[in-house]
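Student: Before I use these labels, I would like to see how each one is reached. Can we go through them in turn?

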Amino acid sequence: MSLTRFSCVIRATQKLQVYQWAWSCKHKADYSSRAESFLTGSNVNYLEAQYLDWAKTKGSIDSSWDNFYDSLSGPALQIEDIQDEFSPTTVKPKSKQDTSKDKEAITEKIKLHLAVQNLIRSYQARGHLLAKTDPLGLSLAASYIMKSKNATLETKGLECRIVSREIGEKHMDMVFKLPDRTCIGGTETELSLREIIHRLENVYCRSIGTEYLHLFDIDCINFIRERMETPGALDKSVEEKRLIMRRLTKAVFLEKYFATKWPAEKRFGLEGGESMVVMLEEIVDTSTKLGVESIVMAMQHRGRLNMLVNVCRKQLTDIFAQFKPMEPKEAGSGDIKYHLGTYIHRFIRRTNKYIKVSMSANPSHLEVVSPVVVGKTRAEQYWKGDNNGDKVMAIIMHGDAAFSGQGVVYETMHLGNLPAFTTHGSIHIVCNNQIGYTTDPRFARSSPYCSDVAKCVDAPVFHVNADDAEAVAHVARVAIEYRCKFKKDVVLDLVCYRRFGHSEEDEPMFTQPFMYKKIKSMQTVDKIYGEKLKAEGIVTDADVKGWEKEYMDTLNRHFELAKKVTKLSIMDWIDTPWTGFFEARDPKKVEETGISETSINTISRHFCKAPEPWAFEVHKGVNRILANREKMVNEGVADWAMGEALAFGSLLRDKIHIRFTGEDVERGTMAHRHHVYHHQGVDGATYRVLDVLYPDQANYALHNSSLSEFGILGYEVGYSYSSPQLLTIWEAQYGDFADTAQPVFDTFICNGESKWVCQSGIVVQLPHGVDGAGPEHSSGRVERYLQACDDDEDNIPDLDDKEMALKQLRSANWIVCNVTTPANYFHLIRRQIALPFRKPVILMTPKVGLKHPFYRSKFSEFLPGTCFQRAIPEAGPASKKPECVKKLLFCSGKVAITIDELRKEKKLEDQIAMCRIEQLFPFPYDIVLQEFCKYECAKVYFCQEEHKNQGPWLFAKVRLENLFGKKIECISRPPSAASATGIKWMHAKELKELKEKIIKI
Ligand SMILES: Cc1ncc(C[n+]2csc(CCOP(=O)(O)OP(=O)(O)O)c2C)c(N)n1
Ligand SMILES: [Mg+2]
C-alpha cells in the first residue's frame, strides 16, 4: 500500500471513529465500529487520541510524529471538519471563546471514553494475570512476570493492578457507553465506571483467568467473551449446585478411603485437586447434549483411580481388588493399577443419553500417550464416518510439569489443524498442582503458565481455581461448548495443590516447607463448597452427611466384594475391544497371502498407467518411471514399489483400510513410490493412484506427515489399536529418525500387548543400509529392536512341530525383519492381515535396493501357494553341489547384494552358499538348521555390513551357536561408536576389507 493510500485509510478510519465517538457522546447512542480494519483496538485508539492532541497543539506530542501526520495529504483533520461532515445542520456559528471551550470538553470526553475502552480491553487481555486462580494464594501470574523482569529488585509490596492513568476516583460515578466488544452490560448499554470495573474484576480477576485475546478467529473471541462476561453467566441452578456437591463428596471420600485402607500404597492421590472430577463430569454431561457419542481419554498418574471410578465408572470392586497381590488369569506382564485402561457405555441421567467413555492404558513415561490417544480418536472417527468430529472427541489430562516440559505435547498439539491428522479439537486438562515431583515451577519452566504451549496452536486457556467448584464446572462447560462449536483445541488449567507428597511414600516438607505449611491449613474442597451451599440455604448439614454416608456404604460394600476376588484379570482392563475378531478366526490358520494372476494384472497395469494427458499433466520424470514400470510388468517382474503396490492394492480390494503416513511417504523419500502425482499445471491438483483401483475398495489413507517422529509414530500406534481390519504403516525417512520416537517403541509397540493385552498390527518401516550416506542415515539400528525381543535364546522351539512358526509368532512381542525381495515384502505385509492375531512389525527396508536389480521378484512369486519366506535358502549353483561348498554365510539385508555380486565376480558361486535371514525375530530356527545341515563341509559365518557391535550379529550369534552347538564367526565391519563413517575414503576402505573377508576361502 502506498503511503498516500495508507494515509487515506487512516484518515477515513479516524474520521469515522472520531465521528462515532463525538456522536455517541452527544446522543448516547450505540457506538460500534462497523468497519473492522487493521486500525482496530488499541492501535487506532492510540492514534486517534494522539492525532487529536497533535491537531490541537503542535508540539504537544513527540516531534517524531510530525512527519507522519504532516505526510497525510490535504489539510490537517479538525474536529470541526468531522462534526461538519456528519452533522452539518446541527452546528451553529459560535464565538471563538465558545468554540475553544467546546473543543476542550469534547477532547476530554473522548480521552475518558478511550481510557475506559482501553481499561475494558486490558481486563480482557491481562485480567488473567491477576486472577486468583491459586487456591494457596501463593502466586499470581503477574507477580511471576514482575519477579522475572525485576530479578534483582525487591518486588515485595509491589501491587499488581490494572490501571488507567487518565481516570481516577472522581470519574467512578460517571456513566460510560459500553463498547460492543464487551458483554458485561448484558441488556444495559451504559454503566458507571465503578460498575464497569466491578464487573470486569468479577469476570477476569477472581477464580477464572481467561486467556483468549491471542486467538485469531474473532468468532472464537466473541464466543468466549459472551460466555464469560454476560451477567449471570457463572450462576448455577440449585440442582446443579447440589450435583456439584455430590460429585465433590465422592471425589474426596474416595481418596480418603484409599488413604485409610491402603495408607502406604502408591496411587498418586488426587487430594487437593478433587474438583477435577467435577470438571470431567460436567464435560461428559454437556458433551452428550452436544451430540458427542464417544470420548477417548488419556491421563497421567495423578488422580487416575478417582477418574476411573467417578468418570469412567469402573467398578469399585475391580479397583479395590487391584490393591492385593493376586495371580493373573491371563498371560502377560500386566501393569500397575494407575496405568490401566478401561471403557464403558455410560448412561447420562441429565440428558438421558448414552456415551462411550474410554480411558487409554498408558505407561509411566509422561505424555507419550498424548499422540496415541489422538490417533485412536481419529481412527474411531474414521470408523464411525465422523468426518467433522461431531461424535468422537479426545480429552487428554496432563500434569503441570509434564505439560510444559515434554516436547511431545507440542508434537501432538500441532497436529490439530492438519487435514490428515486433525481430530477436530481435543480438550486438554492440566491437573496443575504447581509442582512436579519435588521441583517448583520457577525451576521447571520459563513461562508464567504451564499451559503456554497452547498459544502456539491458537487454543484458548482457562485457568481456574480448583477450590471454586462452580467456576470449575463453568469453565468445563465453556470448554466443551467451544470445542463442539469451533472444533478446535481448548486447554483447562485446573490450578490446585498436592495435599501430600508426590506419591504416598514421599515427604514433601523436605523440599517445599513453606508451600506445605500453607497446604496443611487448607480445608478440603467439599468442605469449602458445603459451607458455601449451606450459607446459601441450598443444602443442609443433613444432606451433606447423608451423601457422605451413602457413598461410604457403597465403598464398604465393594471393599467386601473385592475380598472375594481371587484372580486378577488383565482382560477386564482392556480399553479398545476387538469384538468378534478373535472368535471369528481359526487360531491355527494363516490366510492365503498369494493373489491371483488377475489381481496381479489389474493392480500392476493400473500402477503403471498415467492419467489421461488431456485431464492431468504429470511430470515427465513420472512418465519415465511409469514407462519403466510398464516394461517390468510386461516382463512379469516386480521391483520394491510394485511389490508394495500389489500388497496394498490387494488389501484394499479385500476391504482392508490402509493408513500409511510418515515424512514424504506419498512420493517416497528415495522417489521410488509415487503414489500421488501432482498436476504440473494446476496448483494443488493431485492424482492418487491407488485410490481408484477398484470401485468398492477400502480407503487408502496415505499422507505425508509433519516433521515429527515421536508424535506421528505415537499417533499411528493409537490408530492401529482401533481395529484388526486395518493396516497401519509408519515409515521413517531414514531408519535413524525413529530414534526420537524411542519411547513409543519402548512403552507401546514392544510391550503393549504384554502389559495391557492390546494388540497392534502396525508396520514400522525403517530404511536401512550402510551405503556411504554418513553415520546417521546409514543405520536403522536393528540391534535395538532385536534386543527388545522377548524370546529365550537358550530355548530352541520344537522344530518338528508343524505349527512352530505360527506359535513363535503368537508368543512374540513383535516381529523384526529385513526382507530382500519385493515378493517377500508383499507377503509380509499381507501376512499382517492374514494372521489370526496382530503383531507389530519392525521392518528394515532397503535404500539402494529400491532400484537395484537384485531386489526384484517374478510375478509367479506373488501367486496363490507362495508365502512369506522367513529365511531364503541358497538356490544357486552352491545348492546343487552342497558337498563342494566351503563357506556358508548367514546374512540379513542388503549385504546379500554384496555377497552375490562378489561371488559371481570371483567365480565362487559354487563354493560360497548364502542364506538370507529375512525374519530375524522370531528366529527361523528350522530353515537355518536345514541349511546348516546341508553344507556339512562348509565353515559357517554370520555376515553383516554393519559394524561388529551393531546390526543383527550378536542376536543371531547366540541363536545360531545354540542351534548348531558350535561357535561361529562374524564377518562385518570392525566395532565402532558411530553407526557408519562419514568419510568416503573410509567407507570405501571398509567395504574393500569386508569384501575381502567375504571371499576369503
Ligand atoms: C518422561 C518422564 N520423565 C520423568 C518421569 C518421572 N516423573 C514421574 S511423575 C514426575 C513429576 C510429574 O509432575 P507433573 O507433571 O506436574 O504431575 P504431578 O505428579 O504433579 O501430578 C516425574 C518427574 C516420568 N514418569 N516420565
Ligand atoms: Mg504437578
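The dialogue below takes labels given to this predicted model and sets values against cut-offs.

Student: Why is Asp400 called buried?

Tutor: Buried means under 20% relative accessible area, and Asp400 has 3%. Ile435, also with a value of 3%, is buried.

Student: How do you know that Arg247 and Asp285 form a salt bridge?

Tutor: The limit is 4 Å between a side-chain nitrogen of Lys or Arg and a carboxyl oxygen of Asp or Glu. For Arg247 and Asp285 the N to O distance is 2.8 Å, so the pair qualifies. Arg247 belongs to helix α9 and Asp285 to helix α10, so the bridge ties together parts 38 residues apart in sequence. Both residues are buried. In total, the structure holds 68 salt bridges.

Student: Which labels do the two partners Arg442 and Asp440 get, buried or exposed?

Tutor: Their closest N and O atoms are 2.9 Å apart, in a salt bridge. Arg442 has a relative accessible area of 58% and is exposed, since that label starts over 50%. Asp440 has 15% and counts as buried.

Student: Why is Glu996 called partly exposed?

Tutor: The label covers values between 20% and 50%, and Glu996 has a relative accessible area of 41%. Its salt-bridge partner Lys992, with an N to O distance of 3.3 Å, is exposed at 55%. Both lie in helix α34, four residues apart, about one turn of the helix. An α-helix has 3.6 residues a turn, so residues three or four places apart point the same way.

Student: Why then are α5 and α7 called roughly parallel?

Tutor: Helices α5 and α7 pack at about 15°, with their axes 10 Å apart. That angle is under 35 degrees, and the two are therefore roughly parallel. This crossing is right-handed too. Among the residues in contact are Val116, Ile120 and Tyr123 of α5, and Ile196, Leu200 and Tyr204 of α7.

Student: Which residues of helix α32 are buried, and what do they pack against?

Tutor: Tyr925, Asp926, Ile927, Val928, Glu931 and Phe932 carry the label. For each of them the relative accessible area is therefore under 20%. The elements they pack against include α28, β25, β27 and α33.

How values were computed
Residues numbered from 1 in each chain as written. Chains lettered and ligands numbered in written order. Predicted model: local features only at pLDDT ≥ 70, side-chain atom pairs only at ≥ 80, totals over all residues. Heavy atoms only, no water. Buried < 20%, exposed > 50% of the residue type's maximum accessible area, 1.4 Å probe, protein only. Contact = heavy atoms within 4.5 Å. Axes fitted to C-alpha atoms, helices over the stretch in contact; angles between N-to-C directions. Parallel < 35°, antiparallel > 145°, perpendicular 65-115°, else oblique. Left-handed = near helix turned anticlockwise from the far one by under 90°.
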